Structures are given as structure tokens and as C-alpha cells.
Amino acid sequence: MSCACKNPFNHDVPVENTPMVNVQIDGEWVQVPKGMNVVAAAERFQKHIPHYCYHPKLSVVGNCRMCLIEMGTPKMDANRQPILAADGKPEIAWMPRPQIGCATQVSEGMGIRTESPLVQECRKGVMEFLLINHPLDCPICDQAGECKLQEYSFEHGQANSRFTEEKVKKPKNVDIGERIVLDDERCVMCSRCIRFSKEFVKDDVLGFTERGSHTTLTVYPGKRFDNNYSLNTVDICPVGALTSKDFRFKMRVWFLKETKSICTGCATGCNVLIGSREKEVHRLTPRENEEVNSLWMCDSGRLGFHHIHDENRLTTPLVNGEKSDWSTAMSKLAHQLKNFQSNQIAIIASARMTNEELYLLSELRKSLGGDSILSDIVGRTGDADNILRNADKNPNTKGAQLFGFANNGKLKEIQAGLTNGSIQALLIFNESAAEAGLSLEALKNVPLVVNVGMRLNGAAHFNFPSASFAEKRGTLINFQNRLQRLNRAIPTPGQSRDDWEIIRDIKAAIGGGNGIHSVEELFKAMASSVPAFKDLTLGKVGDLGVVLNLG
Amino acid sequence: MAIAEKRLILKNIDVAGYTNDIECYIKNGGYEVLRKAIAMKPQEIVAEVKASGLRGRGGAGFPTKNTKPVYLICNADESEPGTFKDRQIIHKDPHQLIEGMIISCFANNVKLAYLYIRGEFPEGARILERACDEARQKNLLGKNILGTGYDLEIYIHRGAGAYICGEETGLIESLEGKRAYPRIKPPYFPAVLGLYMSPTIVNNVETLCNVIHVLQMGGANFSKLGKPNNTGTRVLCVSGDVVKPGYYEFEVGALTLGQLIYDVCGGIRDGKKIKAIIPGGSSAKVLKAGEIYKIKQKQADGSMADVEMRLEDIPMDFDTMAAIGSMAGSGGVIVMDETRSMPECLANLSEFYAHESCGQCTPCREGSLWMKKLTSRIRDGKASANDVGVLKNVADNIAGRTICAFGEACSWPVQSFVTKFKDEFETVAGNGAKK
């Protein structure tokens, strides 16, 4: 299995079977894959060589000069054989000039110094140069807290400035695209954004104008920087030059709790970090998974979380439009459900539900009458972009298939049954009636409509408020058959409950309690009955997921 | 005693009645060497050039390794302050350059060559375009040159006005239609990954012209000109406070700096004294009048000995210039007399470099403008002695830490001026404050 998207470069991931070479890093001999650049090689041994322009997935340009290191090659004798020191290791001839680590590839017997006085002096010099024309506006800058200028200045810079000249003025608050704002005075001209857009997105719209200290990042005249991956440049911008219109001025990053989760915007299932504070999600950022999304995610996925804080969200259980409480509502529902034959009941499930929810729902379907119940999901297809966006806009179609809810065409039968009266009871989970092709008019005459979800269904007799993806735990199966975990970042609002609890309680109310009290127990029950999950636990799925054999 | 010029490159230049059209060039023996060369085996030409010891950028760009060049580029982006030799060749004897290029291309089996000329030479570009047309009409360029089956095309490409395009990898980027950001080396050495990522030879105008003279004289004879390891002639451009500034051609090392200034250029104007000399284009480290240099020199018995030399006694060759801590560079000698203010001269240079820094890598981008601001303030007497120290340190933080040699080009003048004229800088720096 390989990454869903194609990186132009993978400096940190050596090609399989790359031979190892012996390299001396700060006096210690270690083995690293031949040809790997010094920054990536040192990183393997917890030695962070500071850098701005180098990025493991983009071309190497070597312009920031922050990764200057001392480098040496083995001393050779007359027969071109390395001269060995007393310890049997090659003697190293050090180069007098510092070299950039990002463009230096390791070879046998190479010596690298990442902390020598010369290296420290170089870093101090570069830090000073980067800051002399920088506005030093950290207090109003969104990057503060995750800014490489701040971090490296603290580690390698100096507290006072020798610069007494007037700073260079450049454009500020430049609207370069739908979702991005540029501050040219903060830019360190590392060109990561230019290379990302050109090399990864193939959208060559960013570039530099002017020259020398007046060099200015800008967008091509008449063009906008608004491709669907533009927000990744906010992530890779090492400073506060590119900021997200959606996130800026909303929250200081150090207040954000980061929860490892999955984007539910399409079948790719990009790994994300949910940045939240207390009850509110403030941003999603991509989380590295070389098997899925590498370091990236699309803008539509990244910004697709705002609906969870919709002020019209359903947060109280409603029975016939009246506020109720869960136990009353459940017993009323159980009472009503008994009035219907199994062939009068239909279930519209969602391929946005987790496997755990779908498993429980399949159990509920069994209790209600099994195969005689019509069930289906709402398919969502769109354009694939050959980068990360999958044509399937549901995050768990594979799970819905596995649990027998993806029944091509059954949705039409349900629609017809509701019209002709053969279906008398409809249970809708996490889908809007409209998207399922059902008008409120069509539902009005149906004797029992149950809606479990985040939004009110005006025609439903029972409206049960459930959880968003950021409020629940569970697993999804992406288009590569990779099983990945959602994690809870924030609590459910009001009286909303986790979907699986609602399904469990419906099942319990009609007389089928199963003694499941946690997602772990639920996963265990699912794993013991579904062969695809055999021997798995939530822990084994881990942060990066596992590939299932779905036969 | 006047030292006689040895004119090879400048042989036709400023000769009465000599015009820059092809008829005149042919009448004076032009393209005869090409006719001879094209009958030779390419390896034989390469061997001659090697034997000549010609020291251009990599021995006339004839690669010593087994890379097979695809393109040849003539670097005619002559922009170094104090340098104006290529311009004379282009304007007054363009066919010499075209012939040199054709021979060099033939020797390397190159089928496509570019002549990159700086944007500020519009007339030069027109002259070269016409020269190429004339050469094509005479079947000296284009398809099936002189019936030999060898094809070569030369494109004239004008720059848009940036000094950095003279840096060979910056030039290549510019030629590819991009910003002239110099490439990192390794891995992008032109001989390996040059124009369009193909092996490429890049040479300057004078070097390519020299190829004709090497073949005409034979490599062995050519190598007798000048000094061992410093063979051939050198065009020197003298500017500044001398009586007769201009361009002169001598055997390498045939005369000393003193002879150049006093015998050839008629001495310092108005009978003044020398204060400082920049010997090889504005990037070269400045030499101060009265300095005594200690260099190792081969004695008659073959042994090496330390010799003390006055500034005026320095021979004009590559090795001696390097040994005294400067460089022969582009051959642009800038002479400053005793009335010149060193802070003013340096501020002028620093302003140039701040304006021309491409802005790609941090130290040069930020440092060059900082140095300009510091030198301007020192010149205006609105600084302090401390600022002079900061200036030197800024230069130290640039040199050796940049992508291309521009880092050295902009910091060497600063380092050398400030070190050698420290007292003057510190005095001038505070002048304004006292008033």
C-alpha cells in the first residue's frame, strides 16, 4: 500500500533496499541510508538541524542557509583507500566552509558536525539576518506559538538587535486567495509555498517579484491562489506570512488541544489533528500518515467542520416536536415500533457512520426482523482530483458495505414504499431526508419517522440528537480498506449522545439489551462477530490504522 | 620605459579602417582558423587547448571529465563594475567571438549555443545578431557548415538587467525563462546538470576568443606566452584616477601594477598619489598604497623563498594576485588617488551590491542591504566607530555562507576596505555627530 497522493519528493523516506553507509554525526558513528540528505539523516538520531526552506516532500533549494553544518569526507591515501584512525574508523578531512545539510547527501565515511562553534555562529548570523527586516509583530501574529522564527530565535538567536536602520516596507494584509492572507513583511522567502503549489498541486501561481531585500512573494497577475490545497501552505509556511482566513484571530495555538482523528470529507480518510479548546473545534490540520495523506489535506476537508457548531443544531430529544428526555422518548419509541411488521419498516443508514454504529445498527435490524427490512445508505459521488479527493464523498462506504447497508437501489424501493404506503415506519440515521430524496411532504403521511442525527427532521416523530465526528470515537474504513480511528475532541452539546448509545438504547428498549457500555466493548463485540475485524482491538488499530482483508 | 602590449584579443580593435562586418574580418584573416579547425578531429582541438594551458573558466570550458556537453553558452553578461573588455570585442570585433564559439562548439560536438548578452548592451546585441546573419550567409554557421555536415545554431539572448545573470547558473535559469536565482552546487554544476538539466559549457567572451589564437599559434606556442600556469594574454581595463584609463592587453604577468599605472596609463592624474587599487573588478579585495606583501616565490635555483613586495611591484597574474589576498578577477583595475574618501567609495560599491543581490538566500539578501545602509550612514558621518565593527561583522556573516559567489563579491570589498582603512572609517563615521 502506498500513499493516496503522490509527493514530488520524499527525502525522508528512503527507497526500499537503499544500502546503509557509516556516517559520523557529532563524533558518533551511525548507519544511515546512502544518499539521504544530512537534515533527514540527523533527524533519525534526534538531532534537529534547524531549517526553513527545506521540506521533506518538496524540491531542495537551499536558500535559507539555516541548516549550515560542517562536513568532511574520509582522508584518502595514495591508493584512494581511507586512512584509518586509531579506533579503526576513517580519519575525516573537514571542509573549511560550512555546507547546507539539506543539499548534502550522506556517503560512506562522511563526517557531520551539527553543533560545532562554526555551525552555531552560522545559525546566529542567519537568525539575525532573518529578523532585521521582520516586523517582530508576534503579539498580533497567528503563527506565534508555532513559528520557526520564534523557536530558532530562542535557540540560536540573540536577545538584542544590532540593527538600527529603517526596516524594509512590504505589502501587508494581501488578499491572495479565497482562504489565504499574505503578510509580505513576515515572509522569509523560503519558497515552500511556491514549491508546494507548483510541485504538489501543479498550480504554479505563486512567485517572487522584486529582488534583494525587497523580494516580495505574490500571486501571478490576474490569478488567485485558491486551489483546494492552498491551506497546506499555511501549515508549511514556517512563519506567519501565510495565514488562514478561517482560523486567524480566532484562537492562540497554545490553547488548542490536539486530538488525533480522521477527516470525514471523503473516502480518502486523511489523518488529521482536531484543534479544539473546551467545547469548540477551531481548526483541522493534517497529520502525517505516509500510507494515506502524507502531510496534506484538501481545503474542503479542512474547513468541513463548521457545521458541528451550527446554532440550529439539534441538542434535545424531541417527541412529536416537543422536548423530551431520553428514557421517556425511548420507551415511547419502543411502544410504537411494536405496531409494525418487519416488512413495514425501512432503515436509511449513512456511510458517514462508524463501523461500530453500523454494527450495532445491523444488530438492531436483526431484532426488528432482519432481511425483510429494507435498508440502504445515501451515496455521494463527486469529482476525484487525482491528489487526495476521492470520488466517493462518504468516509465509510466500505463499512456500510461490510454491514449490509450499501444496497444499491434499495433507497428507490424505500422511496416508493413510503409513497405507496407499504412502508409505515422509517428510521433515518445521520442523513437528511432531502439528501435521501425524501420530501417532508412524502414523510408527512408515514405513521412513524425516527431521525437520529445532528439536524432536526421536521417530519419526524422522534428526533434524537447525536454526535459529530469530532465528538465521537469509532472506526472508519477508507477506500484503501484501511481501518482508521476517530477520536473525541469535544463533548457532545446539550443532551446529544453518541450515536452508538442511541442505537443501543433503541435496541434495548425493544427488548434486546446487550450489556455494552463503552466503545471498547462495542469494538470487541464487533471483532468477535465480524471476520474482517478478527483479533483486532481499538488499540491495535493505532494512530495510523491497519489494512483490513475484506476479501 | 613602456612595456609593449601583446594584442591577440584586441588585435583588430581600434585599428584605423577596421569595421565590425564580416568582410573586414575575413580580409584580416578571419574564419581561417575555423576552416583549419573544422578539418581537424574534435579531440585534436581539445588537445591543443589543453596544451595551451589556457586558464579560463575550466580551461576554455573543455571538460576534463567524460561529460558530453549538449549546449555551449557564451557569458556576455559583462556587468562587473570596472570591467569593460567584452564590450569592446562585441562592438568592434564581433566575428572574433562568433568564430571562437563555432570552433569551441565543433570541438565538443555541440549543436546549439546561446550567447547571453546583458540587457544594457542593446547595440551589442544588434551587432551580434547581424554578425550571426552574416556568418550564416557565408555558411560559417547554420546547417552543414562549410560542407562538413556539422550543424550549429547560435541564439543571441538578451538579459533584462541583472548583475546576477553573470553567475553561470543564474544565467542558465534566466535562459530557461525563470528568475535568475543561482542554483545550488552540488548538485547543479553546469558541466553535469546545466541548461535544461543537460551538460553545458559556460565561458566568457574573452576565453572563447582565445581559442582561435590557441589554434592559430598551436597550444605549445601559446603556452609560452605569459607565465607557467598563467598562460596567454589578459585584457586589463583600467579606470579611475589615472591619466589614460582604458583597455590594454598584455601577456599575463608581463608587467607590474606600478608599470601598468605609471608607464601604460600615464600615472595618477594631477600628479597625485595612489591611495588604493581594486585589481580585478569591484568584487576583488582592495589593495592599499604602501602595503608590503610577503609571498612565496620560486628562486633561480628552484627553491621557494619568501619575498617582500611593494604594491607597485605586484605582477599582474592570477597566482600572485591570489597570493596577496585579492584576485585578478575580471581584469578591471580601479585606481583611487589620495583625495578619495574610502567610506564614499565603499558606500558606492555597497549600494551596487544591495541593488543587485537577487534575494534568493538569506545572508546576501538581508546583509547586502544592511551593508549599504551602514556604509551610507558612515559616509554621511551619522554613525559611530561601533557601526564600523558591525559592518565588518555583517560581511563576515555573509562570505562563505551563500548559494553563489555574490556573497563573497559583496562582502570582500567591505572586509578589505574596513580592515585596511579602519582609522579613516572610524573617523568619518562620527564626523556628523560632532557637528
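**Exercise 1. Find the partners of strand S3 of chain A.**

Task: state in which sense, and over how many bridges, S3(A) pairs with strand S5 (residues 99–100) of chain A.

Solution. S3(A) and S5(A) pair in the antiparallel sense over 2 bridges, where strands are DSSP runs of E of at least two residues, helices are runs of H or I of at least four residues, and both are numbered from the N terminus; two strands pair if DSSP finds at least two bridges between them. Within this pairing, A:Leu68 has A:Ile100 as its bridge partner. The next step is strand S6 (residues 110–113) of chain A, which runs antiparallel to S3(A) and is joined to it by 3 bridges, with A:Glu70 opposite A:Arg113. Strand S4 (residues 92–94) of chain A is also antiparallel to S3(A), again through 3 bridges, and here A:Thr73 is partnered by A:Ala93.

The model is predicted, so that local features need pLDDT of at least 70 and side-chain atom pairs count only at pLDDT 80 or more, whereas totals for chains, interfaces and linings use all residues. Residues are numbered from 1 along each chain as its sequence is written, and chains are lettered from A and ligands numbered from 1 in the order in which they are written.

**Exercise 2. Judge how far S3(A) is covered.**

Task: state how many residues of strand S3 (residues 68–74) of chain A are buried.

Solution. The strand is mostly covered, since 5 of its 7 residues are buried; a residue is buried if 20 or more other C-beta atoms, placed from the backbone, lie within 10 Å of its own, exposed if 12 or fewer, and partly exposed in between.

**Exercise 3. Locate the nonpolar cores.**

Task: name the residues with the most contacts inside the largest nonpolar core.

Solution. They are B:Ile73, B:Ile103 and B:Ala113, in a core of 219 residues; such a core is a set of buried Ala, Val, Leu, Ile, Met, Phe, Trp, Tyr and Cys residues joined through C-beta atoms within 7 Å. Beyond its neighbours within four places in sequence, B:Ala113 is in contact (C-beta atoms, placed from the backbone, within 7 Å) with residues including B:Ile73, B:Met101 and B:Leu152. Another core, of 53 residues, lies apart from the largest one and has A:Ile345 and A:Phe462 among its members.

**Exercise 4. Describe the contact between the chains.**

Task: state how many residues each of chain A and chain B brings to the contact.

Solution. Chain A brings 24 residues and chain B brings 25 residues. On the side of chain A that touches chain B, helix H2 (residues 117–132) of chain A gives the most, with 6 residues.

How values were computed:
Two residues are in contact if their C-beta atoms, placed from the backbone, lie within 7 Å.
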